[in-house]
Amino acid sequence: MLSVQPSPAEAFDFSSLDIFGLFGTKDQPPPANATTLPYKLEFDLGDAADAKALTRALQDASLLYRLRQDAPPDGETLARRMAADLNPLVDALWSQGYFNAELAIAVDGASLKVGAEPNATLVRALEAHRNRDAVPITVRVKPGPVFGFRNIEVVQRDESGPPAITDPAKVSRLKPGDAATSAALRSAQASLVDYLRNQSRPLAKIVELRPVVDHATGIMDVTYVVDPGPIAGFGDVTIGQTVDVPPAVVRSFIYLEPGDPYSPKALADTRKSVATIPAIGSVRIREADKLDTAGNLPIFVDITERPKRLIGFSARYSTIDGPAVKTYWEHRNLFGGAERLRIEGDLFLAPRIDGTKIQKFGDFEQSDIGGRFAFSFLKPALYGSRYDFLLDGMATRERVGTNRYGGYTARYANVTTAIRRRFSDTFSVQAGIEVERGQTSDVLGQIDYTLVGIPLSVKYDSTDSLLDATRGIRAIASVAPYPTFLGSTVGVVQTKAALSGYYALDDDARYVLAGRIGLGSIAGAELAEIPATRRFYAGGGGSVRGYAYRSLAPLGPLGQLTGGRSLFEASVEARIKITDTIGIVPFADAGTAFSSTLPDFKEKLQYSAGLGLRYYTPIGPIRVDVAAPLNPRKGDKPFALYVSIGQAF
């Protein structure tokens, strides 16, 4: 007699082919088999008020949880893994202030508690699941009450002299009754040290932390023993080894001098200042572990350099102004002195301003494309000084305006050379010579012009970021006279000023108020004598959003835009981070250009409001703004969409 025994069904294991995690997740245990003991892990916290957050803390501490995809070979190994988990889990509970928590790890009625060793009963319970199913392991926790602080003391190791911290309770920010968590203890310790370092005590430290837990009453007393260290200044600043960037260039962007009072903010400002050198990729500042013979703290600055060459491409889009693309090439160390040369080209849609429209592809003409070619050269730290040399040039062909209100066409070339003097990481002045030659045409007629001027500017910038400022002030003011005795065909003086401020409502800058005001004025000539490119206009993604680019200005013959001799713009935003990467920005803008030399606020301003979406990336926020005119003129579109990188201002 022939007997055939069917073999047990086996499930095919897709795990080796599961490159993208399509056949399961890490929460699914490996399949049951004869050679290992896979297990599934659950956390049972009963009716704990903060069960979700506490479970996350326990998972972070648990070896069982981290190794849940690595099944052990036998019950004894798994039992030892369970036992090794007990103390880390207790530490996790204590870190959250649960000092009377009850903890056990159970399997099928067999349990393991703190202080106990795995026994044969537990091993047999584990082995009973071999080749049958995943071992069901449950971490059972009765957290109990959260302990609170009672007495909080900060004592100074050196009792002689006045105390370095006059109000320890205010500095530590610990209050009786607060939850006695490890995060609160660490935060208070950091606050105490930061306070002392901000008092020019760079060697301040906490030498001892004495927590005393009273399990019967559910409270903790804590004492911090502080070594404030001596008051010190900055010592010598040493530049680490560089590859191609001269150390003298780096040193010129460091405004610390030996003997200056020690300050963590000064170090942060130094890091930011050095990072503005285009050739520098990252900056690391190290502090010596002891003072020098003069009682000052030596500082060491290490840098890494960026790749010398860069090729890039960017694009932007507005439903009113249309698409625009840019490509650029940059060399960040052209002659070995950290010189930057940047060459870029722009192509953009030149709006129709003659009443016609592009209805189909065949209507498109070559004149509907505008373009700009530009170059900029920067030689930082001339001869190791705090003077920089700048050379900029540009050639542009553009058409600006709308079909409803007209605009202007322009072709011009401009070259500017300047010397910039940096007085600090926040303040600089600049003076130069500018030459521009071009032709503009609008409803007031055609102007062929030459401008030769001496632009002067002052800049102050204490913000914490160029593309996404959350704190500080940014201000720039400029005056540029173009006298006829230098060769200008029209003698004018152009003045501009812009001020923006940023205020974070919380320490993490998740809620930021931002505001901006811009002003401009041209004096010395009648409006019709001034080239259209030099007149003032408002409107667009960086001005009054919701209106077409440079479409807010006085109207002349036939109701066409003429531009103005003065300008006023204002914006306010509330920048709100919903998550670490997503934010919303409600905003309001106002502004226009005026025919008078100074803004005349008796004239009508244009207003707009909208809502923005921000996606925060390491290189800056991606901005999507939707804006609507609040008092639209006839012909203005009901809303506009803007997409770009960086905040609006």
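**Working chat: salt bridges, a cavity and a patch**

Colleague: Start with R534: buried or exposed?

Modeller: R534 counts as buried, at 12% relative accessibility. Buried means under 20% relative accessible area, exposed means over 50%, and partly exposed is in between, with a 1.4 Å probe and protein chains only. This is a predicted model, in which local features need pLDDT of at least 70 and side-chain atom pairs count only at pLDDT 80 or more, while totals for chains, interfaces and linings use all residues. Residues are numbered from 1 along each chain as its sequence is written, and side-chain values use heavy atoms, with hydrogens and water left out.

Colleague: Which side chain does R534 meet in a salt bridge?

Modeller: The partner is E434, at 2.8 Å from N to O. The pair ties together parts 100 residues apart in sequence, because R534 lies in the loop between β22 (511-523) and β23 (566-577) and E434 lies in strand β17 (residues 427-442). Helices (H or I, at least four residues) and strands (E, at least two) are DSSP runs, numbered from the N terminus. A salt bridge is a side-chain nitrogen of Lys or Arg within 4 Å of a carboxyl oxygen of Asp or Glu.

Colleague: And E434, buried or exposed?

Modeller: E434 counts as buried, with 9% relative accessibility.

Colleague: Why do such side chains pair?

Modeller: Side chains of opposite charge can pair when their charged atoms come close.

Colleague: How many salt bridges does the structure hold?

Modeller: There are 36. One of them joins R56 and D60, with the closest N and O atoms 3.0 Å apart. These two residues are 4 apart in helix α1 (residues 51-61), so about one helical turn separates them. R56 is partly exposed at 42% relative accessible area, and D60 is partly exposed at 49%.

Colleague: What does E287 form a salt bridge with?

Modeller: With R197; the closest N and O atoms are 2.9 Å apart. This pair links distant parts of the chain, as E287 sits in strand β9 (residues 280-287) and R197 in helix α6 (residues 182-198), 90 residues apart. E287 is partly exposed, at 29%, whereas R197 is buried, at 19%.

Colleague: Which residues are linked in a network of salt bridges?

Modeller: R545, E573, R575, D589, R614, R623 and D625.

Colleague: New topic. How many cavities of 30 Å³ or more does the structure hold?

Modeller: It holds 1. On a 1 Å grid over the protein atoms alone, a cavity is a set of points where a 1.4 Å probe fits but cannot get out, and lining residues have an atom within 4 Å of a point. The largest cavity has about 30 Å³ of space.

Colleague: Which residues line the largest cavity?

Modeller: L451, Y482, V492, Q494, I522, I530 and R534. The lining divides into 5 nonpolar, 1 polar and 1 charged.

Colleague: Last one. Which residues form the nonpolar patch on the surface?

Modeller: L466, L467, I578, I582, L613, Y615, I619, I622 and I645, with about 860 Å² of accessible area together. Patches are made of residues with over 30% relative accessible area and no salt bridge; nonpolar side chains (Val, Leu, Ile, Met, Phe, Trp, Tyr) are joined within 5 Å, like charges within 9 Å.

Colleague: Where is L467 found?

Modeller: L467 is in the loop between β19 (456-461) and β20 (472-482). L467 is partly exposed, with a relative accessible area of 36%.

Technical notes: 1 Å grid on protein atoms, 1.4 Å probe; cavity = no way out; pocket = protein on both sides within 12 Å on 5 of 7 lines; lining within 4 Å. Points joined across faces, edges and corners; volume = space filled by probe spheres on them. Nonpolar A, V, L, I, M, F, W, Y, C, P; charged D, E, K, R; others polar. Areas by Shrake-Rupley, 256 points an atom, 1.4 Å probe, with all protein chains shown as cover.
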